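Thanks for taking a look at this one with me.

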Amino acid sequence: MQDSKKTSLCNGSVYESFFRIHAKSLRNFLIIKFGEKDLAEDLVQEAFIKLWENCSKVDPDTAKSFLFKVAINLGISSKRHDQVKFNYQNIIIHNKDSLDRETPEFIMEEMEFNEKVKKIISSLPDKQRQVFVLNRIEKKTYKEIAEMLGVTVKAVEKLMHKALLKIRSVIGNK
């Protein structure tokens, strides 16, 4: 029982000796594997922390493989996280570029266009307006609209066709 306590990684001097023996080789391995010195040094520290947290569960004979496996997994997770951050930054940069292109003139024209469309829709005959709003804004199918309004699907199709023609003719003319 005394011998197992002396060789247990939970023994501070055993752990410290293990650290001195393996830390440098682990660091060098991780530099080669991931190509970054700072990352490698961080991974060595994190892997040794995990080893200390699990010292009672890890057999000293398999501690080196445990340590390397933990460090590799942490490195892979770090690289994945960096990739997610990189992709997210690209999305932000892309969106920022498109927002920068929206000049006050563009925003004003867009607002005027939206007002124009609202006026056109409100000027449609009641049935056409109802069909258009139910289909294009509330995303109802022609069948659902026909049931709601008590008409045939064919009637809904005709009303929608007329509404679209009217909207297109007004938008196209101005």
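1. A word on the ground rules. This is a predicted model, in which local features need pLDDT of at least 70 and side-chain atom pairs count only at pLDDT 80 or more, while totals for chains, interfaces and linings use all residues. Residues are numbered from 1 along each chain as its sequence is written, and side-chain values use heavy atoms, with hydrogens and water left out.

2. The overall fold. The protein has 8 helices and 0 strands, where helices (H or I, at least four residues) and strands (E, at least two) are DSSP runs numbered from the N terminus. Along the sequence the pattern reads α-α-α-α-α-α-α-α. Of the 174 residues, 25% are buried; buried means under 20% relative accessible area, exposed over 50% and partly exposed in between, with a 1.4 Å probe and protein chains only. Among contacts (heavy atoms within 4.5 Å) between residues at least 6 apart in sequence, 58% join residues at least 24 apart.

3. The largest core. A nonpolar core is a set of buried Ala, Val, Leu, Ile, Met, Phe, Trp, Tyr and Cys residues joined through side-chain atoms within 4.5 Å. The largest one here has 23 residues, and Leu9, Phe18 and Leu26 are among those with the most contacts inside it. Helices H2 (12–34), H3 (37–53) and H4 (63–100) each supply at least two residues of this core. Another core, of 15 residues, lies apart from it and includes Ile121, Leu124, Ile145 and Ala163.

4. H2 against H3. The axes of H2 and H3 come within 8 Å and cross at roughly 140°; axes are lines fitted to C-alpha atoms, for helices over the stretch in contact, and angles run from 0 to 180 degrees between N-to-C directions. That makes H2 oblique to H3, since angles under 35 degrees count as roughly parallel, over 145 as roughly antiparallel, 65 to 115 as roughly perpendicular and the rest as oblique. Residues of H2 that meet H3 include Phe18, His22 and Leu30, and those on the H3 side include Leu43, Phe48 and Leu51.

5. His22 within H2. Is this residue, His22, buried or exposed? With a relative accessible area of 13%, His22 is buried. His22 is found in helix H2 and touches Phe48, Lys64 and Leu67, not counting residues up to four places away in sequence.

6. H6 and H7. Helix H6 (residues 126–137) and helix H7 (residues 142–149) pack at about 135°, with their axes 10 Å apart, and are therefore oblique to each other. In the loop between H6 and H7 sits Lys139, which has a positive phi of about 60° although it is not a glycine. Lys139 counts as exposed, at 63% relative accessibility.

7. Ala163 to finish. Ala163 lies in helix H8 (residues 153–173) and counts as buried, at 0% relative accessibility. Ala163 and Phe132 are 31 residues apart in sequence, yet 6.8 Å apart in space, C-alpha to C-alpha. Leaving aside neighbours within four places in sequence, Ala163 is in contact with Leu124, Gln128 and Phe132.
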